[in-house]
Amino acid sequence: MLESKISQVVAEAVKELYTLIVEANTIILQKTRKEFEGEFTVAVFPFVKASRKAPEATANEIGSYLKNKLEEIEDFNVIKGFLNLQIKKDYWINFINQNNSESYGINEINDNNTVLIEYSSPNTNKPLHLGHIRNNLLGWSVAEILKANGKKVVKVNLVNDRGIHICKSMLAWLKWGNGETPETSALKGDHLAGKYYVLFDKHYRAEIATMIANGTEKETAEKQAPLILEAQEMLRKWEAKDPETIEIWEKMNSWVYAGFDETYLRLGVDFDKTYHESSTYLLGKHIVEKGIADNVLKKKDDQSIWADLTAEGLDEKLLLRSDGTSVYMTQDLGTAELRYNEFEPSQMIYVVGNEQNYHFDVLKLVLKKLGYDWAEAINHLSYGMVELPAGKMKSREGTVVDADDLITEMENTAYDKAVELGKIEDFDNDEAKKLYHTIAMGALKYFILKVDPQKNMLFNPAESIDFNGNTGPFIQYTYARIKSLLRKAEWNTNVKINHNTSILAKEKDIIRLLHEYPAVIKNAGENRSPALIANFVFELAKEFNSFYQEIPIFKEENEELRNFRLSLSAFTSNVIKSAMMLLGIDVPEKM
RNA sequence: GGUUCCGUAGCUCAGUUGGAUAGAGCAACAGCCUUCUAAGCUGUGGGCCACUGGUUCGAAUCCAGUCGGAAUCACCA
C-alpha cells in the first residue's frame, strides 16, 4: 500500500537525517486538504526537536529524501510545517487500470477465526418497531463489513419466545380472542399477538385501578391483580409442559414467526442460525454451580446465588433465584458457552441497545471470574436509542413507530415522488414497484446507518425521511446516472486508460476517494461502524455529481480523455454499488 | 446518589483517532435544464465546538472539574 510505504520511508528519513527512531505506523499520513497541491501530507512537527531546525527546513529535508527514495513521488511542497507530497500520474492511472471492478476493496475470507454476531433478538409478543430496525440494519451491515474484511461471519438471532410477556398475549387471546387468527382478522401474525398484548395491558390496568379505588396499595395491586396471577400461572403451566398451554403457545408463536419473516424479508436481513430462548433458558445453571464449587460465587442463606462484583466497581448480581430458577443473566452465560462450543469464535458480537451496557459488563466479568478465557471474545456492540421528538417511544402511549407501517409509508412516499418527478413513465408495473421499494429502503437504511451507532438518534415521523441531499436516494440516483452514461457509451470494461491522459483536479479528487475505499472498509470493520461507509459513499457521490455537472464526457472529442472519464465513472459506480451493498442498500440501474 | 454514554450552525448529523481557515444535508435566499437523468449543480448567510482549567509546538478531539441530557443500578427480560 502506498500510504504505508510512504510512512516507512519517512521513518527511514528521520532516522538517517536526525538519528530519530520512530515506528512507521505512528507517523500520521493525512489527506492533503483540497486547497493545497498534493495528495498526502506529513506533519513534521514531531521531528523538529530532533532536527533542531525550523519546521519548514525539516519538511524540505524530509521531502527531498522521499523524492529520491520513492519513485511514486513526483514532487513536494512545504507550507508551514506541513509536507505535501504529489504522487505521479502514472501511479494513479495504474491504480485505475488495475482495480476497476465490483470486487475492489472487498477481501476474500483470509482469517480462519469465526466471528459470531447476534442481532435482532425480538420478543414474540409484539411486532418489530423502529428500534428493532436500527438493530437489524446495524447487525446485518456490520456482518457484511466484517466479511469484506476477510472474516468468516456467522449471523445469529436469539428469539425470546417464552416468558411472562408471551403468556400475557396468549391469555388475552384465550379470553377475548374468539379464536381470531391471522387469516380471519387479516392481521399479520406478529401484529395479532401485539394486539392481545396491548389488550392484556389495558384490562390489567383497569383491574389495578379498581383495586386501588377499593383501598389496595398500588404495589400490592400490581402484584395481585387476577390477570397477572393468571398469566403467571400460565407460565408455570408452560414450564411444566402442560400440553394445552404448549399448543396455544406454539400456535401463537408460529403466527408471529410468519409475521417476522415477512418483515425481515422486506428489510432484507437474514440469519445463518436462529436460537430460541425456550430451548436455552435452562442453560447456564451448571456454570453457576461450578462457580459455587470453585468458590468464586456465593450462596446466601436463602439459597440464592450471587456474583460479588464490588471489587470491580459494580454491585452484587443475582445468578440463581432462591427457588433455584434462573434469571436472564444465567441464561446468557449458558448461551454464550453454547455458542462458544459450537463455533469457537474469536469474537462474539452482541448487537444490543446501550440500555444493556451494564448487563454485558457483568456477563463478561462473571465469565472471566469463572475462568473462561473466551470471555474476552464477548463484544457488546452497543447502539443508541431511536428517539422521537417527544422522547422515547412508549408502547403504552401508542408512540411506537411500527416497522411494517414505516416501510409501507416509505414506499408510498417513494412512489409519490417518482410519479411527481415523472421518473417511472417508461417503467412497467413490476419495475416501478421494485424501484420504489429499492428507493424507500435506500432512504430508510441510509437514514439510520449514517449515524454513528453509539449515538442516540432522532426520528421525526412528522417530517418523512428525505430523498434529497445527504440521503440514500441521492446516492442511488448518482449510480443510476452513471449506469445510464455507460449504457449510452456502450462502455467496454476492458478499455485501459492511456498513460498520457491528463487529469483534472476534480477528477483527481474522485480518484483519491476511490483509492481510500479499502482503508475505509478496514476502518469500518475495526470500529464496527456502517456510518463510516455511509459517509464515505456520500462524499464520493457528491464529488462525482460535481464532476458530472462540470465536465463533459460525450462532448469531449479526445478519445483518450473520453475513455478516461468513462472509466472513472465506471469505477465510481462500482464503488458506490459495493459500499451500498455493505449497508444493505440496492442500487437501481435506472431511476 | 453510584456507574456509563452524549453535548458541534435554527434542525439532523460528519469531523480520518492530536494537525493547516471546524464541514455536509435540511430549512432560508440568489442563480443553472434546446447540452451525458434537475431525486442534480453553483453561490450567499448562519458557530463561545456546553462551560472552566490543565497537558504541548498545536485541542472540537486527551485529562480533571462544573452544568445540561440519556441509559442503567430488580429474586424483570
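Which domains does the domain assignment of chain A give? In this predicted model, the assignment divides chain A into domain 1 (2–87), domain 2 (163–268), domain 3 (285–325) and domain 4 (410–582). The centres of domain 2 and domain 3, taken over C-alpha atoms, are separated by 32 Å.

Helix 11, covering residues 243–267, contains 25 residues and extends 35 Å from its first C-alpha to its last, close to the 36 Å expected at 1.5 Å a residue. Gly 268 follows helix 11 and has a positive phi, near 75°. Helix 16, covering residues 429–449, contains 21 residues, and the 30 Å from its first C-alpha to its last is close to the expected 30 Å. At the start of helix 16, the backbone nitrogen of Asp 430 is approached to within 3.1 Å by a side-chain oxygen of Asp 428.

The surroundings of RNA strand B were considered next. RNA strand B is surrounded by 66 residues, the closest being Asp 302, Lys 423, Tyr 477, Asn 527 and Tyr 548. Of the atoms of RNA strand B that come within 4 Å of the protein, 61% belong to sugar and phosphate. For Tyr 477, a polar side-chain atom lies 2.3 Å from a sugar or linking oxygen of RNA strand B. Two or more residues of the surface near RNA strand B come from each of strand 4 (82–87), strand 14 (457–458), helix 17 (472–489) and helix 19 (530–550). Helix 19 provides the largest share of this surface, with 8 residues. Classified by residue type, the surface near RNA strand B comprises 29 nonpolar, 19 polar and 18 charged residues.

By class, the lining of the second largest pocket contains 11 nonpolar, 9 polar and 6 charged residues. At least two lining residues are supplied by each of helix 1 (2–18), strand 1 (29–31) and helix 18 (505–527). Helix 18 makes the greatest contribution to the lining, with 10 residues. At the level of domains, domain 1 (2–87) and domain 4 (410–582) each contribute at least three residues to the lining of the second largest pocket.

Key. Residues are numbered from 1 along each chain as its sequence is written. Chains are lettered from A and ligands numbered from 1 in the order in which they are written. This is a predicted model: local features need pLDDT of at least 70, side-chain atom pairs count only at pLDDT 80 or more; totals for chains, interfaces and linings use all residues. Side-chain values use heavy atoms; hydrogens and water are left out. Helices (H or I, at least four residues) and strands (E, at least two) are DSSP runs, numbered from the N terminus. Ala, Val, Leu, Ile, Met, Phe, Trp, Tyr, Cys and Pro count as nonpolar, Asp, Glu, Lys and Arg as charged, and the others, Gly among them, as polar. Domain bounds come from an automatic or database domain assignment. The expected span of a helix is 1.5 Å times one less than its number of residues. A polar contact is a pair of N or O atoms within 3.5 Å; within protein, one must be able to donate a hydrogen and the other to accept it, and residues adjacent in sequence count only if both atoms are side-chain atoms. A residue is near a molecule or strand if one of its heavy atoms lies within 4 Å of it.
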